[in-house]
Amino acid sequence: SYVDKGGHKYFMAKEMAEQPSAIGDTLAEYLREGAQGVVLPSEIDFSTVTRITMVACGTAYFACLTAKYWFEQLARLPVEVDIASEFRYREPPMPDGSLAIFVSQSGETADTLAALRYVAAQGVRIASVVNVPESSIARESDVVLPTRAGVEIGVASTKAFTCQLTVLAALAVKAATDRATLSPEALAETLAALRAVPGVVNQALLVTSDIAGVAAEIAKAQDVLFLGRGAMFPLALEGALKLKEISYIHAEGYASGELKHGPIALIDPNVPVVVFAPMDRLFDKTVSNMQEVMARGGKVLLVSDAEGLERASDGVWKWIKMPKVPPVFAPIAYAVPAQLLAYHTAVAKGTDVDQPRNLAKSVTVE
Ligand code: G6P
């Protein structure tokens, strides 16, 4: 099908803007009209699953790392997450009761497909979260869980990532339902948070559309650190990946609590530190790490909601104000400023946003 930029300067801009509808379309696959709760193919009943193994590459791997927090917290299910190129040669044992989940936009990534074939040979049940339903990974899976992101052209994945997160969030809610790990009230609240995701992402796009000025400052840096705690840690990794992919600025994501185990040695006024800190139960911990950065002359860009900024923006270098979002699925909303920051930084530097040097959209060779 013919795809154009729809008035946007780059496909990446168009694809970021499409997220509310792409996520809405994706969610409609799992929250069916008239049905109670999340609907999945009957092959997946989490009451018989004792462990989940998730495998992917790149941005899809960070979607898996995020989902680990959700499956563990909501459904009390142990989750192992691995990079496909490591998993395939490590040949890990797969205990009975395992469910393997492969996540891939293209469904053609060579290492992910090889990892899937290894798991298939062990007789383990395989579900895949893919954006291309006729792909190799989809064809070789027992259950296909589609994302409805539509065609993604930009090499740096945006809408495919938030749609992957959405499917995995729905899966975690279904797992919590099957395993009865949440009270009826908590389950209803979590389902409401899931239903709210497209609207919340839309709000995040509106509220953070104006960060070109902050990005122009980031564009002057040679190194940038991203920090987050809990499910914001994988987002810190994804924020760093997005920035390095399209702006060529060296960036690293770290768990906030690891700061003093290394990265704090890098802190100086030339290294901006981006902190993802929604107002949640870990907020004060993240803020205390942020203050350690500021006490050493570091420049902090704080990404938080009105309440968080009110409590902690004293002395920060810059801030991005986010809407208030239900904490459980906050990583999906906070992906938006992570993407926009990378995008506007790349635009400020004049790099090829959609076709960054040396990168391929789909890595079909090892
Ligand atoms: C490449 C792309 C990334 C993507 C990764 C995995 O590196 O540039 O954006 O996250 O492959 O691709 P997949 O199609 O398996 O999600």
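Predicted model: local features only at pLDDT ≥ 70, side-chain atom pairs only at ≥ 80, totals over all residues.

Trainee: What makes two residues count as in contact?

Mentor: Their C-beta atoms, placed from the backbone, must lie within 7 Å.

Trainee: Which residues touch the most other members of the largest nonpolar core?

Mentor: V275 is one of them, along with A56, A172 and Y334, in a core of 130 residues. In soluble globular proteins, nonpolar side chains tend to be buried together.

Trainee: Now G253, which is found in strand 7. Is G253 buried or exposed, and how do you know?

Mentor: Count the other C-beta atoms within 10 Å: G253 has 25. The cut-off for buried is 20 or more, so G253 is buried. Leaving out residues up to four places away in sequence, G253 touches F226, A236, L237, G239 and A240. As for P337, 84 residues apart from G253 along the chain, the two C-alpha atoms are separated by 15 Å.

Trainee: Why is R76 called exposed?

Mentor: R76 has 12 other C-beta atoms within 10 Å, and exposed means 12 or fewer, so R76 falls in that class. R76 is found in the loop between helix 3 (58-75) and strand 2. R76 also has a positive phi of about 50° although it is not a glycine.

Trainee: And what puts A180 and A196 in their classes?

Mentor: A180, in the loop between helix 7 and helix 8, has 11 C-beta neighbours inside 10 Å and therefore counts as exposed. The phi of A180 is positive too, about 50°, and A180 is not a glycine. A196 has 15 other C-beta atoms within 10 Å, which lies between the limits of 12 and 20, so A196 is partly exposed. A196 sits in the loop between helix 8 and helix 9; its C-alpha is 8.8 Å from that of V325, although the two are 129 residues apart in sequence.

Trainee: What makes the buried residues of helix 9 lie on the same side?

Mentor: In helix 9 (residues 197-207), the buried ones are V197, P198, V200, V201, A204 and L205. They cover an arc of only 165° around the axis, so they are on the same side of helix 9. They pack against helix 1 (11-17), helix 2 (19-30), helix 7 (159-179), helix 8 (184-195), strand 10 and helix 14.

Trainee: How do you know that the span of helix 11 is close to what is expected?

Mentor: Helix 11 (residues 232-247) has 16 residues, and its first and last C-alpha atoms are 22 Å apart. Y248 follows helix 11 and has a positive phi, near 65°.

Trainee: Why are strand 2 and strand 5 said to stand at the edges?

Mentor: Their sheet is open, with five strands in the order 2-1-3-4-5 and parallel pairing. Strand 2 (79-83) and strand 5 (143-146) each have a single partner strand, so one side of each is left without a neighbour in the sheet. On average, neighbouring strands there are turned by 20° against each other, direction ignored.

Trainee: How do you know that strand 4 and strand 5 pair?

Mentor: Pairing needs at least two bridges, and strand 4 (residues 125-130) and strand 5 have four, in the parallel sense, so they qualify. Within this pair, V129 has L145 in strand 5 as its bridge partner.

Trainee: What makes strand 6 and strand 7 a pair?

Mentor: Six bridges join strand 6 (residues 223-228) to strand 7, and the requirement is at least two, so the pairing holds. G228 has A255 of strand 7 as its bridge partner. Both strands belong to an open sheet of five strands in the order 7-6-8-9-10, with parallel pairing. Strand 7 (250-255) and strand 10 (318-322) are its edge strands, each pairing on one side only.

Conventions. Residues numbered from 1 in each chain as written. Expected span 1.5 Å × (residues − 1). Axes fitted to C-alpha atoms, helices over the stretch in contact; angles between N-to-C directions. Core = buried A, V, L, I, M, F, W, Y, C linked by C-beta atoms within 7 Å. Arc of directions from axis to C-beta.
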